[in-house]
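Hi,

Here is the structure I said I would pass on.

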Amino acid sequence: MPKALNVNPNRMELSKLKRQLVVAKRGHKLLKDKQDALVKEFLARAKAVWELRQEVEKEISGCYSGFLLARAQTLPEMLEQTLMNAGGNMRVDVIYVNVMSVRVPSFKLPEQTIELNYGLGTSPGSLDVALEQFLKLMPKLVSWQLRKRP
């Protein structure tokens with residue numbers, strides 16, 4: 001329910017309130033336009049993420065099948081030990097993009113090489129293939145936001 005204003009009933013006050021109403025309507029229209037643009041941007045990004053997710057799920061199923069094959073070819077303890085030794089450091093760069101005066105983070109995975117630090121004689125070849133597939137998949141998992149907007 002609108003709050004009643006306590007004003008003096010004269011022409012000066014009336015013209016002041018009319019100016020305030022014009023400014024309020026213009027500000028409301030600007031905020032509505034900004035909201036529409038942000039919703040449009042969000043929907044475009046949501047569509048891009050959905051498409052990328054479909055693509056990544058296909059590729060990740062291939063990676064998991066490689067891990068399952070490696071698991072079937074070796075003892076679980078040896079596979080766990082091999083994977084514990086195969087660690088590495090990955091770096092993610094964060095870039096802030098201005099979208100309608102809202103700071104939106106974008107992530108990028110810089111070009112990195114990760115060396116496999118385990119004995120190749122004790123690990124199955126399917127594990128090497130699966131790890132390489134995961135390394136190729138990592139930039140898609142991280143840098144989806146830097147793609148061109150439609």
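This is a predicted model: local features need pLDDT of at least 70, side-chain atom pairs count only at pLDDT 80 or more; totals for chains, interfaces and linings use all residues.

The protein has three helices and two strands, and the order from the N terminus is α-α-β-β-α. Of its 150 residues, 21% count as buried.

Helix 1 covers residues 11-73. With 63 residues at 1.5 Å each, helix 1 should span 93 Å, and its end C-alpha atoms are 90 Å apart, so the two values agree. The buried residues of helix 1 are E13, E41, R45, L52, V56, I60, C63, G66, F67 and A70. If you step through that list, the general rule to keep in mind is that an α-helix has 3.6 residues a turn, so residues three or four places apart point the same way. In helix 1, L52, V56 and I60 are among the buried ones, as are C63, G66 and A70.

Helix 3 takes up residues 125-142. It has 18 residues and reaches 27 Å from first C-alpha to last, close to the 26 Å expected at 1.5 Å a residue. There is a kink in helix 3 of about 30° at K136, shortly before the proline P139. Buried in this helix are S126, L127, D128, A130, L131, F134, L137 and V142.

How do helix 1 and helix 3 sit relative to each other, roughly parallel or roughly antiparallel? Their axes come within 8 Å and cross at roughly 160°. Angles over 145 degrees count as roughly antiparallel, and therefore that is the label for this pair. The crossing is left-handed. Sorted by class, the contact between the two helices has 14 nonpolar, five polar and three charged residues.

Now for the loop between strand 1 (93-99) and strand 2 (102-108), which is where M100 is found. S101 is in that loop as well. The backbone is worth a look here. As a general point, most residues other than glycine have a negative phi. M100 has a phi near 55°, a positive value in a residue other than glycine. For S101 phi is near 65°, again positive and again not in a glycine.

S101 has 62%, so it counts as exposed.

Q35 and M100 are 65 residues apart along the chain, and their C-alpha atoms are separated by 9.1 Å. Q35 has a relative accessibility of 40%, so it too counts as partly exposed.

That is the lot from my side.

Cheers

Note on methods:
Residues are numbered from 1 along each chain as its sequence is written. Side-chain values use heavy atoms; hydrogens and water are left out. Axes are lines fitted to C-alpha atoms, for helices over the stretch in contact, and angles run from 0 to 180 degrees between N-to-C directions. Helices (H or I, at least four residues) and strands (E, at least two) are DSSP runs, numbered from the N terminus. Angles under 35 degrees count as roughly parallel, over 145 as roughly antiparallel, 65 to 115 as roughly perpendicular and the rest as oblique. A crossing is left-handed if the near helix is turned anticlockwise from the far one by less than a right angle, and right-handed if clockwise. Ala, Val, Leu, Ile, Met, Phe, Trp, Tyr, Cys and Pro count as nonpolar, Asp, Glu, Lys and Arg as charged, and the others, Gly among them, as polar. The expected span of a helix is 1.5 Å times one less than its number of residues. The bend at a residue is the angle between axes fitted to the seven residues ending there and the seven starting there. Buried means under 20% relative accessible area, exposed over 50%, partly exposed in between (1.4 Å probe, protein chains only).
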